[in-house]
Amino acid sequence: MTEHRDVDRRSPDPHDPGHDMVAQTKRELERRGRDAGAVKRSSWLPGPGQGFGVTFAQIFRKVTTEEYPEVPKVTKPRYHGRHVLNRHPDGLEKCVGCELCAWACPADAIYVEGGDNTEDERYSPGERYGRVYQINYLRCIFCGLCIEACPTRSLTMSNDFELADDNRADLIYTKEQLMAPLLPGMEAPPHAMRLGEDEKDYYVREAAGAAPPVDPAAGARVDQPVPGARS
């Protein structure tokens, strides 16, 4: 092993009395100058010319003009827009009031209060449902962490981005505003479970390869997707 002659190789403390910070900076710059090699230029143009070249290149590009709001803006398929609370094919709510979305929200924009289901008044499969659900779009940053935290895929994000308003109170969306609409074959809750005996039949129904449910009254399938939402 090579033994260093200097005992303490640490930088001097700038707070020590009599320490010359200017002299130390000059010594460090000289040492860096000796260690650094020659800098090779990637262009024969001077520095200001390279900078203005970027500006001139943008001048001759075609300007893209969007006729919004006359022409609606087309977003990407996985755009993070307004939230949607989805339903099961029989109309029951997928939200079970677990509040995991509220815990995962970094902006504290989601407020959830769970309620207990009863046999006479059932809003979702299982024991609980989201009795109160609010999203404050004054705080929401549309990060999508609440979507990842939802265990039942109840909360998804649509492509709706037109959320501007002149009233702060109107930007706090309630459960009634966030719930997905009822599609043909769905029944507005509360009502009994139509797809099985317990909540397990709801969440493993597609994985088990079971046939889609049929509405006895209409005789039609009720597995239509919710428009504007990704389940």
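**Reading surface patches, ring pairs and salt bridges**

Student: Which residues form a nonpolar patch on the surface, and about how much accessible area do they have together?

Tutor: The patch is formed by F52, F56, I59 and F60, which together have about 520 Å² of accessible area. A patch joins residues with over 30% relative accessible area and no salt bridge, like charges within 9 Å and nonpolar side chains (Val, Leu, Ile, Met, Phe, Trp, Tyr) within 5 Å; the areas come from the Shrake-Rupley method with a 1.4 Å probe, and for residues only the protein chains shown count as cover. Please keep in mind that this is a predicted model, in which local features need pLDDT of at least 70 and side-chain atom pairs count only at pLDDT 80 or more, while totals for chains, interfaces and linings use all residues. Residues are numbered from 1 along each chain as its sequence is written, and side-chain values use heavy atoms, with hydrogens and water left out.

Student: Where does F56 lie, and is F56 buried, partly exposed or exposed?

Tutor: F56 belongs to helix α2, which covers residues 47-59; helices (H or I, at least four residues) and strands (E, at least two) are DSSP runs numbered from the N terminus. A residue is called buried under 20% relative accessible area, exposed over 50%, and partly exposed in between (1.4 Å probe, protein chains only). The relative accessibility of F56 is 48%, so F56 counts as partly exposed.

Student: How is a pair of aromatic rings described, and how many such pairs does the count come to?

Tutor: The description uses the distance of the centres and the angle of the planes. Rings of Phe, Tyr and Trp (its six-membered ring) pair if their centres lie within 6.5 Å, and planes under 30 degrees apart are stacked, over 60 edge-to-face, and the rest tilted. By this rule the count comes to five aromatic pairs. In one of them, Y79 and F161, the ring centres are 6.2 Å apart and the planes stand at 75°, so the pair is edge-to-face. This pair links distant parts of the chain, 82 residues apart, with Y79 in the loop between α2 and β1 (83-85) and F161 in the loop between β4 (155-157) and β5 (172-173). Y79 is partly exposed, because its relative accessible area is 32%, and F161 is partly exposed with 28%.

Student: What kind of pair do Y137 and F142 form?

Tutor: Y137 and F142 form a stacked pair, with 5.7 Å from centre to centre and 20° between the planes. Y137 is buried, since its relative accessibility is 9%, whereas F142, at 26%, counts as partly exposed. Ring pairs also link Y68, Y79 and F161 into a cluster.

Student: Which residue lies over the face of Y123?

Tutor: K175 lies over that face, at 5.7 Å from the ring centre of Y123; the rule asks for NZ of Lys or CZ of Arg within 6 Å of the ring centre and within 35 degrees of the ring normal.

Student: Which cysteines does UniProt list for "binding site" together with C105?

Tutor: The unreviewed UniProt entry lists C105, C140, C143 and C146 for "binding site". They span 42 residues in sequence, yet no two of their C-alpha atoms are more than 10.5 Å apart, so they gather at one spot. UniProt positions are given in the numbering used here, feature names are shortened, and annotations may be inferred rather than shown by experiment. C143 is placed in the loop between β3 (128-136) and α4 (145-149), and C143 is partly exposed, because its relative accessibility is 34%.

The unreviewed entry also lists C95, C98, C101 and C150 for "binding site". Although spread over 56 residues of sequence, these cluster in space, with a largest C-alpha distance of 10.5 Å.

Student: How many salt bridges does a search of the whole structure find?

Tutor: The search finds eight salt bridges, each being a side-chain nitrogen of Lys or Arg within 4 Å of a carboxyl oxygen of Asp or Glu. Among them, D116 pairs with R128, the closest N and O atoms being 2.9 Å apart. This pair links distant parts of the chain, D116 in strand β2 and R128 in strand β3, twelve residues apart. D116 is exposed, because its relative accessible area is 55%, whereas R128 is partly exposed with 32%.
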